[in-house]
Structures are given as C-alpha cells and as structure tokens.
Amino acid sequence: MNRRLENLLNTASRARLLVAACVLGLIALTLMSWSLFDQGWIPVMMAMSIGQGIGTLSFVLFLLVVVIDLRKATFRPSMPHDAPTNKDK
Amino acid sequence: MHVSPLSWIALACAVVAAVIMLLYLVYRPPLDTKTKGFLALGLGVLPIMTALIGNVEGLRATESQAFCGSCHTMDLHIADANDPDSMGLAAIHSRTKMFGDRSCYVCHKDYGMYGYALTKLGGMGHVYYFLTDYAWEDVHDSVPRIHIARPFRNDNCMQCHSTSGRLWNEVADHQGLLEDLRAGQTSCASAGCHGYAHPFSKAAEEEGI
C-alpha cells in the first residue's frame with residue numbers, strides 16, 4: 001500500500017489529478033445543492049452520502065497535489081549556516 | 001418550496017466554488033501559489049461550508065412531515081394526520097402547533113440520551129425496507145403490512161403528559177393504571193384507552209390478516 005502511494009506520488013500528473021478533482025467537485029456540489037431545494041428523502045440522502053463522499057474524494061485529490069508539490073520543494077533550514085570564509089580553509 | 005437563508009449561503013458557496021473549478025478546467029493556469037490558493041477555496045473551504053450547512057439543513061429536513069411523506073408508502077398516514085375530521089391520536093396532535101408539520105418526528109423520535117442518532121439509524125432501516133420491499137408496491141397494499149418497529153413507548157407521550165398533574169390523575173383509569181402506564185406495561189395508544197395513533201391503518205391491518 002505504501003509503495004503504491006509512493007509510486008503515485010512520484011509519477012502522478014498534477015494537472016490530471018486537479019482536473020479529476022474539479023470534475024468530482026462539480027458533481028458533489030450539484031448533489032449537495034440539489035438537497036437545499038428539494039428536501040425529499042432521495043436528494044437529502046444523496047447529498048449526505050454520495051455527494052459528500054465524492055466531495056471528500058475531490059478534496060483528497062487536491063491534497064495529493066499539495067503533497068506532491070511539497071515533496072518536490074527544497075526547504076532551507078530556518079537559520080542558514082554561515083558562508084565559509086578563508087579562515088575555515 | 002421554502003429555502004432558508006442558511007441554504008442561500010450554502011448555495012452561494014457552491015456557486016463560487018463551481019466558478020473557481022470551471023475557470024480552472026477552462027483556462028488551466030500554471031500551478032503557482034495563487035492558483036493553488038484559489039483551488040484550496042474552490043475544492044476545500046467552500047465545498048466544506050456547503051456540506052456543513054447542507055448537513056444542518058438536511059438533518060432539519062428529516063424532522064419534517066413532508067420528508068416522511070416523500071415516500072409514497074406514508075401517503076395515507078400523512079393524509080390521516082392532516083385530516084381535520086380525523087379523531088386519531090396522530091391527527092389530534094398534528095393539529096397543535098408544537099407538533100404541526102413535525103408531528104411524525106415529535107411522536108416517533110427516541111427521547112433517550114442517544115435519541116437523535118438512534119432515530120436516524122431507525123430511519124435508515126425505513127430506507128432499507130422501502131428500497132427492498134415497499135417501493136414497488138401500491139400504498140393500499142402496503143398499509144396492512146406496515147407496522148411500527150417496536151411498541152410505541154409511553155415515555156414519548158410522557159414528554160408532555162407528565163402523569164403527575166391533578167387533572168390527569170382525576171381520571172379513574174389513569175389512577176388505576178398509573179404504575180403500569182409509567183412502566184410502559186399498558187399502552188396509552190391502544191384500543192381500550194386513547195385508541196391507535198393511526199386508526200385507519202389498524203382497520204386495514206385486520207382486514208389484511
């Protein structure tokens with residue numbers, strides 16, 4: 001499982017992940033908005049189960065992109081070392 | 001259709017989030033900090049707001065009579081509860097403001113510590129039975145088969161009728177059965193006492209059997 005995730009983080013296309021996240025997000029928002037106007041059992045249950053499930057998946061994909069970016073970033077220590085001087089040589 | 005102010009806020013969040021997502025899908029801007037900031041709003045903050053408000057509104061909706069009546073199986077029960085000429089317990093109580101358009105929930109909810117969650121779990125049971133059995137059946141065929149999951153608890157009646165008032169205790173039957181009523185041994189909503197909550201359904205049940 002960890003190896004699969006590692007592989008995904010190394011090879012996944014951020015643009016594709018975001019497109020998937022946006023499409024899923026739009027579907028989730030449609031389902032959730034439907035229940036605001038029609039409060040029968042089908043819209044309410046769709047919104048609170050499938051809608052929120054798809055919405056969560058969409059957000060997780062976005063977080064995956066953030067993690068991919070963070071893994072590629074180079075972080076400097078908060079206090080950079082002093083530059084070497086002639087005396088050090 | 002009544003849409004609450006809270007729902008309008010949820011809808012506004014959903015619209016802004018959808019616009020952000022659509023703009024990303026159409027223009028595909030470079031993934032810099034600014035783009036990711038907008039996407040965090042469009043894919044995270046705003047949909048979460050919509051979902052949270054949707055939960056509040058959705059759970060509130062589940063307490064309404066209209067929600068219970070959104071399954072055709074409940075059509076006759078709702079019609080009876082709202083019938084101004086009916087003298088069934090459900091109808092009498094539905095005519096009071098405290099029950100009103102929430103009468104199904106006020107009577108049938110579980111008043112225990114975990115009552116809200118248990119009531120919702122019970123509701124999921126109703127969905128299960130509806131989808132696996134009643135959905136394809138005419139309401140008139142269903143009525144004889146519909147029955148309450150467990151006997152109606154006097155505790156629910158006693159949320160309002162405390163059994164300790166003077167007027168209540170002046171009724172001879174109440175006096176004689178006081179302990180039984182409080183212990184739930186004799187049901188308030190039974191044929192010999194105040195009658196069934198939905199009398200029409202009992203007649204149908206007897207005919208069906």
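**View 1. Helix α2 of chain A against helix α1 of chain B, in a predicted model.** The axes of α2(A) (residues 14-37) and α1(B) (residues 5-27) come within 10 Å and cross at roughly 155°. Axes here are lines fitted to C-alpha atoms, for helices over the stretch in contact, and angles run from 0 to 180 degrees between N-to-C directions. Helices are DSSP runs (H or I, at least four residues), numbered from the N terminus. The two helices are therefore roughly antiparallel to each other. The angle classes are roughly parallel under 35 degrees, roughly antiparallel over 145, roughly perpendicular from 65 to 115, and oblique for the rest. The crossing of α2(A) and α1(B) is left-handed. That term applies if the near helix is turned anticlockwise from the far one by less than a right angle; clockwise is right-handed.

Residues are numbered from 1 along each chain as its sequence is written, and chains are lettered from A and ligands numbered from 1 in the order in which they are written. As this is a predicted model, local features need pLDDT of at least 70 and side-chain atom pairs count only at pLDDT 80 or more, while totals for chains, interfaces and linings use all residues.

**View 2. Residues where α2(A) meets α1(B).** From α2(A) come Leu18(A), Val19(A), Cys22(A), Gly25(A), Leu26(A), Leu29(A), Met32(A), Ser33(A) and Leu36(A). They meet Ser7(B), Ala10(B), Leu11(B), Ala14(B), Ala17(B), Ala18(B), Met21(B), Tyr24(B) and Leu25(B) of α1(B). Contact requires C-beta atoms, placed from the backbone, within 7 Å. The residues of this contact divide into 15 nonpolar, three polar and no charged. Ala, Val, Leu, Ile, Met, Phe, Trp, Tyr, Cys and Pro count as nonpolar; Asp, Glu, Lys and Arg as charged; the others, Gly among them, as polar.

**View 3. Helix α3 of chain A against α2(B).** α3(A) (residues 41-72) packs on α2(B) at an angle of about 160°, with the axes 10 Å apart. That makes α3(A) roughly antiparallel to α2(B). The crossing is left-handed. On the α3(A) side, the contact includes Val44(A), Ala47(A), Gln52(A), Gly55(A) and Phe59(A). On the α2(B) side, it includes Lys36(B), Leu39(B), Pro47(B), Ala51(B) and Gly54(B). By class, the contact has 11 nonpolar, seven polar and one charged residues.

**View 4. Ala51(B) in helix α2 of chain B.** Ala51(B) has 24 C-beta neighbours inside 10 Å, so it counts as buried. The cut-offs on other C-beta atoms within 10 Å, placed from the backbone, are 20 or more for buried, 12 or fewer for exposed, and partly exposed in between. Neighbours within four places in sequence aside, Ala51(B) is in contact with Met32(A), Gln52(A) and Gly55(A). The C-alpha atoms of Ala51(B) and Ala10(B) are separated by 7.8 Å, and the two residues are 41 residues apart along the chain.

**View 5. The side of chain B that touches chain A.** Here 30 residues of chain B are in contact with 28 residues of chain A. The elements of chain B that give two or more residues to this side are α1 and α2 (33-61). α2(B) gives the most, with 12 residues. By class, this side has 19 nonpolar, eight polar and three charged residues.

**View 6. Arg28(B) in the loop between α1 and α2 of chain B.** Arg28(B) is not a glycine, yet has a positive phi of about 45°. Arg28(B) is exposed, with 12 other C-beta atoms within 10 Å.

**View 7. Thr163(B) and helix α11 of chain B.** Thr163(B) lies in the loop between α9 (154-157) and α10 (166-169). Its phi is near 70°, a positive value in a residue other than glycine. Thr163(B) is partly exposed, with 15 other C-beta atoms within 10 Å. Beyond four places in sequence, its contacts include Trp168(B), Leu178(B), Leu181(B) and Arg182(B). Of the 12 residues of α11(B) (residues 172-183), the number buried is one, so this helix lies largely in the open. Gly184(B) follows α11(B), with a positive phi near 80°.

Technical notes. Two residues are in contact if their C-beta atoms, placed from the backbone, lie within 7 Å.
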